[in-house]
Amino acid sequence: MTAETHLQGVEISAAQFFEIWHHYDSDGNGYMDGKELQNFIQELQQARKKAGLDLTPEMKAFVDQYGKTTDGKIGIVELAQILPTEENFLLFFRCQQLKSSEDFMQTWRKYDSDHSGFIDSEELKSFLKDLLQKANKQIEDSKLTEYTEIMLRMFDANNDGKLELTELARLLPVQENFLIKFQGVKMCAKEFNKAFEMYDQDGNGYIDENELDALLKDLCEKNKKELDINNLATYKKSIMALSDGGKLYRAELALILSAEEN
C-alpha cells in the first residue's frame with residue numbers, strides 16, 4: 001500500500017502515519033512546505049473523495065488554512081492532529097508540557113540526564129512514559145517499548161539509534177520550533193569554538209546571559225533571512241533553558257550552533 005492509499009482509511013496505524021510523513025516530507029528536513037504541502041493537501045482531498053468520505057472538521061480547517069498559500073509549513077505535530085489514527089500514542093504531541101520552545105528545552109535538559117547531547121532509547125522511553133502519564137494514560141511496558149521504537153523510526157534522521165536535540169524538537173509545532181531557524185546558521189566545529197571563545201569574554205568556560213545576548217545580536221545581523229532580531233528575547237530564553245544555573249557551557253551551546261564535522 002502507498003502513502004496515498006493510507007489516506008483513504010477511516011483510521012490509520014502509527015506505522016502508516018510514519019509512512020505518510022516520510023512520503024510527503026520528501027527532502028527529509030522535518031517539515032512539509034511548498035510543493036510537498038500542496039501535494040499532500042491535493043492527495044488528501046482526492047483520497048477522501050475516492051473512499052466516499054467527507055473531510056473531517058479538522059481536515060477542512062487545515063485545508064482552509066494551508067490550501068491557498070505557498071508559504072505554509074507544517075511538522076509532524078500538525079499532521080498528527082488532522083489524521084485519524086488507531087493508536088492514541090500520537091495524541092501526546094498535544095501534551096501541555098511541550099507547548100513552547102522553552103518548555104521543550106527544559107524537558108531535554110531533564111531527560112538528557114548524562115549531558116551526552118542525545119537521548120538514547122532508555123531515556124526516550126522514560127520521556128514517553130512521563131508524557132503519557134501527564135496525559136492520564138497508563139500503558140503496559142511492552143506497548144511503551146513499541147512506542148519508543150516507533151518514535152526512533154520517526155525522528156532518528158541519521159539512523160544512529162538515538163535522538164539529538166534537533167531531531168526530538170520535531171515534537172514541537174513548527175511555529176514553536178525555534179531550532180529550525182538555527183539550521184541555516186550552524187558553524188563547523190572550528191568556527192564554533194572560535195566564536196565561543198570570542199563571546200566568553202571573561203574566559204571562564206561558559207557564556208552567561210549577557211554574553212549570549214551579544215552573540216545572538218551578531219548572528220541576527222549576519223543572518224537576517226533566517227533569524228529575526230525581534231525574536232531575540234525568545235531565542236535567548238529558549239537557549240538559556242539549557243544552562244546550568246545561568247551558565248551556558250560549550251557543549252550545550254554546540255547543540256544549537258555547531259554542525260557535525262563530516
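**Salt bridges and the core: group meeting talk**

Hi everyone, let me start with Glu-146, which is partly exposed at 30% relative accessibility; buried here means under 20% relative accessible area, exposed over 50%, and partly exposed in between, with a 1.4 Å probe and protein chains only. This is a predicted model, where local features need pLDDT of at least 70 and side-chain atom pairs count only at pLDDT 80 or more, while totals for chains, interfaces and linings use all residues. Residues are numbered from 1 along each chain as its sequence is written, and side-chain values use heavy atoms, leaving out hydrogens and water.

Glu-146 forms a salt bridge with Lys-143 at 3.4 Å, N to O; the term means a Lys or Arg side-chain nitrogen within 4 Å of an Asp or Glu carboxyl oxygen. The two sit 3 residues apart in helix H8, so about one helical turn separates them. Helices are DSSP runs of H or I, at least four residues, numbered from the N terminus.

The whole structure has 9 salt bridges. In another, Lys-236 meets Asp-213, with the closest N and O atoms 3.2 Å apart. Lys-236 is in helix H13 and Asp-213 in helix H12, so the pair ties together parts 23 residues apart in sequence. Both residues are buried, and shared partners join Glu-209, Asp-213, Lys-217 and Lys-236 into one network.

Now the core. The largest nonpolar core has 75 residues, meaning buried Ala, Val, Leu, Ile, Met, Phe, Trp, Tyr and Cys joined through side-chain atoms within 4.5 Å. Helix H8 gives the most to this core, 7 residues. Thanks, everyone!
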